[in-house]
Amino acid sequence: MLKLLLICSGNTCRSPMAEAILRAKAWDRPWAIGSAGIYAEEARPATANAALVMEELGFNLGSHRSRRLSPDMAQTADLIITMEGWQCEELRERFPRCREHIYTLAQLAGMGGDVADPYGGSREVYRGAAEQLIKMIDAAWEEIIEKLTP
(Lines give C-alpha, C1' and ligand atoms only; values in the text may rest on other atoms or scores of the structure.)
Protein backbone atom coordinates (compact mmCIF):
# COMPACT_ATOMS: atom_id res chain seq x y z
CA MET A 1 0.00 0.00 0.00
CA LEU A 2 1.37 3.41 -0.98
CA LYS A 3 1.67 6.02 1.77
CA LEU A 4 0.77 9.70 1.34
CA LEU A 5 1.61 12.04 4.21
CA LEU A 6 0.29 15.60 4.60
CA ILE A 7 2.34 17.99 6.71
CA CYS A 8 1.70 21.32 8.41
CA SER A 9 3.03 22.88 11.60
CA GLY A 10 0.76 21.63 14.39
CA ASN A 11 -1.42 18.97 12.73
CA THR A 12 -4.64 20.47 14.12
CA CYS A 13 -5.86 22.54 11.12
CA ARG A 14 -4.57 22.33 7.56
CA SER A 15 -3.06 18.85 7.33
CA PRO A 16 -6.02 17.06 8.95
CA MET A 17 -8.40 19.07 6.75
CA ALA A 18 -6.38 18.08 3.67
CA GLU A 19 -6.24 14.47 4.89
CA ALA A 20 -10.04 14.31 5.16
CA ILE A 21 -10.49 15.83 1.69
CA LEU A 22 -7.97 13.45 0.12
CA ARG A 23 -9.39 10.39 1.89
CA ALA A 24 -12.81 11.19 0.41
CA LYS A 25 -11.38 11.86 -3.04
CA ALA A 26 -9.16 8.76 -3.03
CA TRP A 27 -11.69 6.39 -1.48
CA ASP A 28 -11.07 3.81 -4.23
CA ARG A 29 -7.27 4.07 -4.26
CA PRO A 30 -4.95 1.64 -2.46
CA TRP A 31 -3.33 4.45 -0.49
CA ALA A 32 -2.71 4.97 3.21
CA ILE A 33 -3.32 8.68 3.78
CA GLY A 34 -2.19 10.33 6.99
CA SER A 35 -1.06 13.63 8.40
CA ALA A 36 1.45 14.98 10.91
CA GLY A 37 2.94 18.24 12.10
CA ILE A 38 6.53 19.37 12.23
CA TYR A 39 6.01 20.89 15.69
CA ALA A 40 2.84 19.04 16.73
CA GLU A 41 1.97 18.16 20.28
CA GLU A 42 0.81 14.56 20.37
CA ALA A 43 -2.86 13.56 20.59
CA ARG A 44 -4.51 16.99 20.21
CA PRO A 45 -7.90 17.09 18.47
CA ALA A 46 -8.46 19.23 15.40
CA THR A 47 -9.28 22.81 16.34
CA ALA A 48 -12.94 23.52 16.96
CA ASN A 49 -13.29 25.74 13.89
CA ALA A 50 -11.53 23.20 11.66
CA ALA A 51 -13.94 20.50 12.84
CA LEU A 52 -17.00 22.75 12.46
CA VAL A 53 -16.15 23.96 8.97
CA MET A 54 -15.23 20.51 7.74
CA GLU A 55 -18.46 19.08 9.17
CA GLU A 56 -20.40 21.77 7.28
CA LEU A 57 -18.62 20.59 4.12
CA GLY A 58 -19.42 16.93 4.78
CA PHE A 59 -16.14 15.77 6.37
CA ASN A 60 -15.58 14.44 9.88
CA LEU A 61 -12.50 15.36 11.92
CA GLY A 62 -13.95 14.01 15.18
CA SER A 63 -11.48 11.15 15.54
CA HIS A 64 -8.41 13.14 14.48
CA ARG A 65 -5.52 13.31 16.94
CA SER A 66 -2.35 15.19 16.13
CA ARG A 67 0.96 13.46 15.54
CA ARG A 68 4.47 14.85 15.42
CA LEU A 69 6.34 13.94 12.26
CA SER A 70 8.87 11.20 12.99
CA PRO A 71 11.83 10.08 10.88
CA ASP A 72 10.08 6.74 10.34
CA MET A 73 6.93 8.44 9.01
CA ALA A 74 8.98 10.50 6.57
CA GLN A 75 11.19 7.64 5.44
CA THR A 76 8.31 5.24 4.79
CA ALA A 77 6.10 7.73 2.93
CA ASP A 78 5.89 7.49 -0.85
CA LEU A 79 4.74 11.09 -1.15
CA ILE A 80 4.93 13.94 1.37
CA ILE A 81 2.88 17.07 0.75
CA THR A 82 3.48 20.19 2.82
CA MET A 83 1.24 23.20 3.23
CA GLU A 84 4.04 25.80 3.05
CA GLY A 85 7.32 26.21 1.22
CA TRP A 86 9.44 26.50 4.36
CA GLN A 87 8.04 23.16 5.57
CA CYS A 88 9.03 21.53 2.29
CA GLU A 89 12.55 22.94 2.51
CA GLU A 90 12.94 21.94 6.15
CA LEU A 91 11.88 18.37 5.43
CA ARG A 92 14.17 18.13 2.42
CA GLU A 93 17.06 19.18 4.67
CA ARG A 94 16.09 16.86 7.53
CA PHE A 95 15.40 13.87 5.27
CA PRO A 96 17.69 14.17 2.23
CA ARG A 97 17.04 10.57 1.15
CA CYS A 98 13.32 11.44 0.82
CA ARG A 99 13.96 14.71 -1.02
CA GLU A 100 12.47 13.61 -4.35
CA HIS A 101 9.17 12.67 -2.65
CA ILE A 102 8.55 15.98 -0.85
CA TYR A 103 6.47 18.75 -2.46
CA THR A 104 4.23 21.60 -1.46
CA LEU A 105 0.57 21.26 -2.33
CA ALA A 106 0.90 24.43 -4.41
CA GLN A 107 3.74 22.87 -6.45
CA LEU A 108 1.65 19.81 -7.25
CA ALA A 109 -1.32 22.02 -8.11
CA GLY A 110 0.77 24.19 -10.44
CA MET A 111 -0.02 27.24 -8.32
CA GLY A 112 2.06 29.70 -6.38
CA GLY A 113 1.94 30.46 -2.70
CA ASP A 114 1.16 28.51 0.42
CA VAL A 115 -1.98 27.20 2.08
CA ALA A 116 -2.88 29.98 4.51
CA ASP A 117 -2.66 28.97 8.16
CA PRO A 118 -6.06 29.54 9.79
CA TYR A 119 -4.89 28.74 13.34
CA GLY A 120 -6.59 31.07 15.81
CA GLY A 121 -8.81 32.55 13.12
CA SER A 122 -12.56 32.86 12.82
CA ARG A 123 -14.84 30.28 11.27
CA GLU A 124 -14.73 32.31 8.04
CA VAL A 125 -10.92 32.11 8.01
CA TYR A 126 -11.13 28.33 8.39
CA ARG A 127 -13.75 28.15 5.64
CA GLY A 128 -11.36 30.06 3.37
CA ALA A 129 -8.57 27.58 4.19
CA ALA A 130 -10.87 24.62 3.51
CA GLU A 131 -11.95 26.09 0.17
CA GLN A 132 -8.33 26.76 -0.74
CA LEU A 133 -7.44 23.15 0.13
CA ILE A 134 -10.29 21.75 -1.96
CA LYS A 135 -9.29 23.91 -4.93
CA MET A 136 -5.61 23.01 -4.66
CA ILE A 137 -6.24 19.29 -4.14
CA ASP A 138 -8.52 19.23 -7.18
CA ALA A 139 -5.82 20.99 -9.23
CA ALA A 140 -3.10 18.65 -7.91
CA TRP A 141 -5.11 15.43 -8.28
CA GLU A 142 -3.59 14.15 -11.54
CA GLU A 143 -0.08 14.97 -10.31
CA ILE A 144 -0.72 13.14 -7.03
CA ILE A 145 -1.94 10.10 -8.96
CA GLU A 146 1.15 10.22 -11.16
CA LYS A 147 3.49 10.45 -8.17
CA LEU A 148 1.76 7.49 -6.49
CA THR A 149 1.70 5.28 -9.56
CA PRO A 150 4.47 2.67 -9.30
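Strand E1 (residues 2-8) is mostly covered, with five of its seven residues buried. Buried here means under 20% relative accessible area, exposed means over 50%, and partly exposed lies in between (1.4 Å probe, protein chains only). This is a predicted model, so local features need pLDDT of at least 70 and side-chain atom pairs count only at pLDDT 80 or more, while totals for chains, interfaces and linings use all residues. Residues are numbered from 1 along each chain as its sequence is written, and side-chain values use heavy atoms, with hydrogens and water left out.

**Strand pairing**

Two strands pair if DSSP finds at least two bridges between them. Helices (H or I, at least four residues) and strands (E, at least two) are DSSP runs, numbered from the N terminus.

| Strand pair | Sense | Bridges | Bridge partners |
|---|---|---|---|
| E1 and E2 | parallel | seven | Leu-2 and Trp-31 |
| E1 and E3 | parallel | four | Leu-4 and Leu-79 |

Strand E2 covers residues 31-37. Six of its seven residues are buried, so E2 is largely enclosed by the rest of the structure. From E1, the chain crosses through helix H1 (residues 14-25) to E2, and this β-α-β crossover is right-handed. The term means that, with the strands pointing away from the viewer, the path from the first strand over the helix to the second runs clockwise. In a regular strand the side chains alternate between the two faces of the sheet.

**Overall fold**

The protein chain has six helices and four strands. From the N terminus on, its elements run β-α-β-α-α-β-α-β-α-α. The radius of gyration is 14 Å, close to the 15 Å that the globule rule gives for 150 residues, so the chain is as compact as a globular protein of that length. That radius is taken over C-alpha atoms, and the rule is 2.2 Å times the number of residues to the power 0.38. The C-alpha trace spans about 40 × 30 × 30 Å along its principal axes.

Of the 150 residues, 48% count as buried. The accessible surface comes to about 7400 Å², and 50% of it belongs to carbon and sulfur atoms. Accessible areas come from the Shrake-Rupley method with a 1.4 Å probe; for residues, only the protein chains shown count as cover. Among contacts with a separation of 6 or more, 73% join residues 24 or more positions apart. Contact means heavy atoms within 4.5 Å.

Helix H2 covers residues 48-56, and its Ala-50, Val-53 and Met-54 are buried. Seen down the axis of H2, the buried residues fall within an arc of 95 degrees, so they line one face of the helix. The arc is that of the directions from the helix axis to the C-beta atoms. These buried residues pack against H1 and helix H6 (123-147). On the other side of H2, Ala-48 and Glu-55 are exposed. Gly-58 follows H2 and has a positive phi, near 95 degrees.

In helix H4, the buried residues are Gln-87, Cys-88, Leu-91 and Arg-92. They fall within an arc of 135 degrees, seen down the axis of H4, so they too line one face of their helix. The buried residues of H4 pack against E1, H1, E3, strand E4 (102-104) and helix H5 (105-109).

**Loop residues**

Glu-84 lies in the loop between strand E3 (79-82) and helix H4 (85-94). At 15% relative accessibility, Glu-84 counts as buried. Not counting residues up to four places away in sequence, Glu-84 touches Arg-14, Thr-104, Asp-114 and Val-115.

Asn-11 sits in the loop between E1 and H1. Its phi is near 60 degrees, a positive value in a residue other than glycine. Asn-11 counts as buried, at 0% relative accessibility.

Ala-43 belongs to the loop between E2 and H2. Phi of Ala-43 is near 65 degrees, again positive in a residue other than glycine. At 49% relative accessibility, Ala-43 counts as partly exposed.
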